[in-house]
Each structure stands twice: as C-alpha cells, then as structure tokens.
Amino acid sequence: MSDVLDAPTRPAGLNYVGGAWVPSASGDTYTRTSPMRPSEVVGEFSASGEADAEAAVAAAAAAYAGWAALPLAVRGRYLNAAAAALEARGEEIARDMSIEMGKPLREARGETARASQILRYAASEAYRPVGEHFEQSATGAQVSTRRRPVGVVALITPWNFPIAIPIWKLAPALIYGNTVVLKLAYEAPQTGLHIAAAFAEAELPAGVLNILTGRGSTVGAALVRDPRVRAISFTGSVATGHGVRDEATKTGKRVQLELGGHNPMIVLADADLDRAVEAAYAGAFWSAGQKCTATRRIYVQAPVYDAFRTGLLARIERGRVGDPLDPEVEVGPIVNESQFDEIVEAIERGKRDGGTVLTGGERADPDGYLIPPTVFEGVADDAFLSCEEVFGPVTSLYRFETLDEAIERANAVEFGLSTALFTSSLVAATRFQKEAQAGLIHVNSQTAGAEVHVPFGGIKSSGFGPHEQGHAAIEFYTELVTVYIDP
Ligand code: UN1
C-alpha cells in the first residue's frame, strides 16, 4: 500500500468560455478527491479567478444581442439538442456525480434524467404566451405587455444537485433570451462540465453559455460585483446568500436566492403509517440528508408515536449505507471533511442539549465520510437541532397531541421551504395547505423532490425573489414592458 495519491486519470478540467475550452488565466488548478475514498483523486479543475469571470462576462455580453434576437422556438432547439446530448452520456454523468460528491447512484441517475427533462420543458416554453393584450380605455386601441430578456445573468450553484440546479437555472435563462455565466460548485465540477460538453455538442452559439469552476469567494464574488451582469441566481447557504444579495443590489442587479430549510413532517394518527415511515426515511436520509428540502423534524401524534418510531427504526435497519456506486445503497457519504465535521459536532451538541440518539450518530467507515441515518428524540423545541439546518442524515422525533399544536410547532422556525402532512383527513389536509408556512406543501408525500413544470421555492428565510422552475421562472429571467399601439 502506498499513500501517494493516484494520478488523475483525465486531463485537467477546463473552463468553457466563448465557445472554447480554456484553462484559468492564472493556469492554477485544484484537486478534488472522492468523499467515499478521500485518498483517491477525482480530477483536477481550473481554479478560476477574477480574470476568468471578467472574460466569461465579456463573452456573454458579446453574444447577447444575437441570441436575444432569435425566435424562442429556435433557441428551444438548442435546449432540446443539449437534452439529447445529456441523455446520451447519462450513465457517465451519474457515475461522475456519485464519485465526486457521493450521491448514491440510484439518485444520481434520477437527477441526471431530471436535467434533460428540465431542458425539454424549458424548450416547450417557446410555445407559451410571452405577453397579454388589453384595450386602451379611451380608444379601444391595443395596449399589451411583452416579456423581454434581462441580459447577462450569472448563476451560482451548489454541489448537492450538481446537474439539476445548474440546468434549472440556465434552461429558463436561455430560452427567454439571456446569456449566461454559470459558476459550478467547487466540490462538484466534473458533473457540471458535462453541461458544457452537451451544449458544445448542440452547437450553441459561442458565448451564450459560459461555465467556470473555482471558489465562490473569488469567481462568484467577481460575478456578483460585475456591473454588466444584470441578474444573479444563487442557491446555497443563508449567510452567503445574504452577502450575495447585499453586494449585487448595489449595482442594481435583480437577485434570486434559494437558501436553507428546516422542513417538518407531521404524522396524524389517521395516517397510513407505512407510507409515512417510507417518506420519513427518504426525506431525511436519501442523499445523506444533503438537500435543502430534507426532513429535519418529524412530529408524530401521541397514539401512533411508538408504532411510527418502531417502523422508522426498522426501516433504517433494512436500508443500506455505504459506497454510493453500489446501486442498492440509499445513504452515501457526506461531501467533504469539513461538512462531515460540522455534522458530527451538531450531533454532539444535540446530545449535550439533552437529546437521545435512537440510532446512528457515529462515523460508519474509517475512510469515507459516512454517517448512518441518525434519529434523535427528546430534543427541546428551541434547541439547536430543532431550529438550525444541519446538512446531513440527522432528524428528530417529537410527540404531539393536537393538529393545532403540530402546525404551530412546525411553523416555529425562521425557514419556510418544504413541509409534509400525513393524514387521511381531507379537513386536516385543507387546513394544512392554508396554514403551513412553507413554499412547498406536501400531503402524503415526502418533503424533498421537485417537479419540473411547477414553481420551486421557499418563503420566510428560505428564499428571496421570484421562485424557480416551471412557468414561474419567467418572472426572474425576463423584464415586463408595456406597449401602447395607436393606429
Ligand atoms: C429536491 O428536493 O429534489 O439545494 C430539490 C437543494 C434544493 C433543491 C432540492 N434547492 O437541496
């Protein structure tokens, strides 16, 4: 055995700027290692800086007029061609994703398929209205609205959905006529570079989509400052997101933030318990809980509390934790050492605060950053674990008596991304959809997940600006103008 790192098996990943594959201006690179086998190198990638951000914005600005002038349906053809190119390399993308950021292969495949679906959905927006007609009040002559692109937009994306989130931002940006600079997550560059390859294969005009790898603190920050960038869409942490918003608005940019969540699930005594257990398991532990939509708190009505707890612990016992490339594995590693350390520290804090660990809580592999599904009980409503987002496979059980009480406790956090109620009562479900403080409300389905054709986004501290996805994306990626036409 040697502890020398294996040499990278591919050439260093390059940026994609102005239709060409280019190294960073400084020539600097960084190395990514695998979270399952931290001694194995995944690849080397461009450590981009300010000069690269500058070049990418210049390319996007130069391409803008030509791209915006194309009919929507012509732009849509490039999106469909890129979708086909992604489908053709779907298995390779899913494996790269598993290796570089640890998402279990079964979910990585699903996410890759979703990326193509998003592109095809966005392409179909070409055939939907881009304005409304009215009559002028004095004359009856036409007055209408029209959606126009915003200009150059910058997209700053996270590692936890390394293909779906970049695509769900860039697809609407492109179809509506914007040009794009996409900053890939530092921890998941290989997956995102497949997007550049797919659009290169689709022969997208040069400069319409530019893709950079590197640190958010350098390349991301430069994009946020650049006055030629007219809009910024960011998914990530609350602290970074607020910094992005404050800086971006200084130069008059529009800003869209998708931030954290602390998503509750409520199980009423009349629920189908098997379904609720399955949804709790998937919501809390798939992707090792590294989703902003993951289930962090589970409120169970007193008469079924013990049965639910027994069912959840049995389900955890049956689930497989381990190598994300194993198609049977449901819970893979945490993305990197610092995230791993944060989760371990949060578990310790949960114990110090008086919580009891029912299962999990310990490192599950000597090398890989594996934490098995961890369930707490007896955590106070105002304790750290009940209020702050811990981005890992950690959830807590709480007992409640009445629906009033459950809704009040579920709503008592600063976040408002996703929530779920399990019940067979139409009355309870109807109340819940009016009173739950979340942008995404599920009745009898898990808190995570997103359909491509409906809006996605949070309320309260979970988001800022218009929601993403579906037809709702038109709000952020276009400007509305009003046109008076007198004959
Ligand atoms: C999903 O639940 O499938 O970063 C999507 C996140 C969210 C996306 C979740 N913005 O986890």
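A quick definition to start: when I say polar contact, I mean a pair of N or O atoms within 3.5 Å; within protein, one must be able to donate a hydrogen and the other to accept it, and residues adjacent in sequence count only if both atoms are side-chain atoms. Also, this is a predicted model, where local features need pLDDT of at least 70, side-chain atom pairs count only at pLDDT 80 or more, and totals for chains, interfaces and linings use all residues. Numbering runs from 1 along each chain as its sequence is written, and side-chain values use heavy atoms, with hydrogens and water left out.

So, helix 14, residues 426-435. Helices here are DSSP runs of H or I, at least four residues, strands are E runs of at least two, and both are numbered from the N terminus. At the start of helix 14, Ser-425 has a side-chain oxygen within 3.3 Å of the backbone nitrogen of Val-427.

The face turned away carries Leu-426, Val-427 and Lys-434, which are exposed, meaning over 50%.

Now the ligand. One of its oxygen atoms is 2.8 Å from a side-chain N or O atom of Arg-114. For Thr-293, again a side-chain N or O atom, the distance to a ligand oxygen is 2.6 Å.

Note on methods
Buried < 20%, exposed > 50% of the residue type's maximum accessible area, 1.4 Å probe, protein only.
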